[in-house]
Amino acid sequence: MQGVSVKTQVGIIGGGPAGLLLGLLLRQHGIESVVLERRDRAYVEGRVRAGVLEQTTVDIMRSLGVGGRMDREGLPHDGFCISFDGELFRIDLKRLTGGSQVTVYGQSEVMKDLFDAAPQRGLQIEFNAENVSLHDIDTGTPSISWSQDGDLRQLSCDFIVGCDGFHGVSRTSIPSDVRREYEKVYPFGWLGILAEVPPAGEEVIYASHQRGFALASMRSRTRSRYYIQCAIDENLDEWPDRRIWDELETRLGPHAARNLTRGPSFEKSVAPLRSFVTEPMRYGRLFLAGDAAHIVPPTGAKGLNLASSDVLFLSEALAHFYNTRSPTGIDEYSARALARVWKAERFSWWFTNITHRFPDTTALERRLQLAEIDYIRGSTAAQTTLAENYVGLPLGSGGAAPTHHSATAMRLMEES
Ligand code: RFL
Ligand code: PHB
């Protein structure tokens, strides 16, 4: 192959949360990597996506020394609310989980903090990397080629990590006879808006209404983020702000919408909802992490948080390999990550099922949905199950023992 050729230890495809967190975690272990990102920084930073960070993600940010702004500007939440057909009740995360919280801090802010830190930490990011392709992933000498500024470039590395999201090239580089994919596409989307108005409440509100799901979230005390369930092919021209606010008011119900402040929206888009898992998350010298390997519907706020735990597991496994030359950690990566992924998939699927209106929902099924939510309202056991999943299952055993923290989690907490 001709063109500019460089060498590194780990080649990372994709410069979203998974790719950047991984690059910085590897730097902390003294491992060199290069991140190849198809778009520019402004594009990646500008995508309005996640809002809720689990404690594990917060701890990783802090342990990397990039948590300063998050600690100052992020909003710790001790609970959230559920509204169903006008009734409102609270899930007290902190009490039910023995002290855990979540933090509301937008993905755009996370990306800004990670991009700012990268040059100081010596993490090289190549933006506008086009036509990325993977070579020789089933050998000991894999490489990545791409084009940039009219040049053909090549990166030789020991390992490649696909952090290139659902539409990336890495996953499909795994031969189809090895790859198992599990998928459900939901028959609706989420119409999301941002508005420079104070949030409807102190905490996030999930609303299940006969007209469909709605979610009241925020980015700060002066900026609100709202979603309403809509058709996948919804025409945004038919949703002027006034109609969105009216619909939110109806779906959130009289209690939750009491303090709804209307204002012009400055971002409006429709996101599809999907449950998706690919197995295994490793093939030869290629590993997958984050949305490249799995997608959850955003109802449980798990996507970015799963990307964080994947790359934490993988950085530990790669550090173990470079320190000892033992392949044990990298051999166990896929199973370790998938154990946590499947539990978050289950939770996100379940929370979506009980809160959304499905096109073929019968009156009986709607009553069953309401009965389930009413059961949660009245049962501490059910609330505890919901709360421990929402704050994030522990890292150690892939979420098998909710009351125990892994050595990694303990270290992260001690360091922060
Ligand atoms: P990303 O963020 O998709 O980043 C992948 C990057 O790879 C680049 N890329 C390529 N680069 C080089 N060559 C190629 N061929 C490439 N193909 C793609 C892309 O340009 C991009 O920069 O995946 P990553 O890093 O795994 O991160 C995943 C998260 O972004 C995602 O899971 C979350 O946004 C999901 N999510 C939420 N997660 C949470 O943890 N909490 C939440 O509250 C939450 N809310 C949400 C969400 C996602 C949403 N949408 C829009 C899907 C709310 C919404 C509405
Ligand atoms: C958000 O603030 O964007 C958000 C909050 C909770 C979710 C999903 C998204 O479950």
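Q: What makes a pair of atoms a polar contact?
A: A polar contact is a pair of N or O atoms within 3.5 Å. The model used here is predicted.

Q: Which residues surround ligand 1, and which element gives the largest share of the shell?
A: The shell holds 32 residues, and the closest are Glu37, Arg49, Gln107, Asp291 and Leu304. Helices α1 (17-28) and α8 (303-324) each supply at least two residues. The largest share, three residues, comes from α8.

Q: How do you know that ligand 2 has polar contacts with arginine 49, arginine 219 and proline 298?
A: A polar backbone atom of arginine 49 is 3.4 Å from an oxygen atom of ligand 2. For arginine 219, an N or O atom in the side chain is 2.8 Å from a ligand oxygen. For proline 298, a polar backbone atom is 2.8 Å from an oxygen atom of ligand 2. Each distance is within the limit, so each pair is a polar contact. Taken alone, ligand 2 exposes 280 Å², and the protein buries 97% of that.

Q: What makes up the shell around ligand 2?
A: There are 13 residues around ligand 2; the closest are Tyr206, Ser217, Arg219, Tyr227 and Pro298. Strands β16 (212-218) and β17 each supply at least two residues.

Q: Why is serine 33 called buried?
A: Its relative accessibility is 6%. Buried means under 20%, so serine 33 qualifies.

Q: Where is serine 33, and what does it touch?
A: Serine 33 is found in strand β3 (residues 33-36). Leaving out residues up to four places away in sequence, serine 33 touches Thr8, Val10, Ile12, Gly23, Leu26, Leu123 and Gln124.

Q: Why are β4 and β5 called edge strands?
A: The open sheet has three strands, in the order β4-β8-β5, with antiparallel pairing. β4 (52-54) and β5 (75-77) each have a single partner strand, so one side of each lacks a neighbour in the sheet. Neighbouring strands of this sheet are turned by 35° against each other on average, direction ignored.

Q: How do you know that β5 and β8 pair?
A: Pairing takes at least two bridges. β5 and β8 (residues 102-104) have three, in the antiparallel sense, so they pair. Within β8, threonine 103 is the bridge partner of proline 76.

Q: What makes β18 and β17 partners of β14?
A: Again the test is at least two bridges. β14 (residues 180-195) and β18 (residues 265-279) have 13 bridges, running antiparallel. β14 and β17 (residues 224-230) have seven bridges and also run antiparallel. Both counts meet the test, so both strands pair with β14.

Q: Which residues stand opposite glycine 189?
A: In β18, proline 272 stands opposite glycine 189. In β17, cysteine 230 does.

Definitions and conventions:
Residues are numbered from 1 along each chain as its sequence is written. Chains are lettered from A and ligands numbered from 1 in the order in which they are written. This is a predicted model: local features need pLDDT of at least 70, side-chain atom pairs count only at pLDDT 80 or more; totals for chains, interfaces and linings use all residues. Side-chain values use heavy atoms; hydrogens and water are left out. Helices (H or I, at least four residues) and strands (E, at least two) are DSSP runs, numbered from the N terminus. Axes are lines fitted to C-alpha atoms, for helices over the stretch in contact, and angles run from 0 to 180 degrees between N-to-C directions. Buried means under 20% relative accessible area, exposed over 50%, partly exposed in between (1.4 Å probe, protein chains only). Contact means heavy atoms within 4.5 Å. A residue is near a molecule or strand if one of its heavy atoms lies within 4 Å of it. A polar contact is a pair of N or O atoms within 3.5 Å; within protein, one must be able to donate a hydrogen and the other to accept it, and residues adjacent in sequence count only if both atoms are side-chain atoms. Accessible areas come from the Shrake-Rupley method with a 1.4 Å probe; for residues, only the protein chains shown count as cover.
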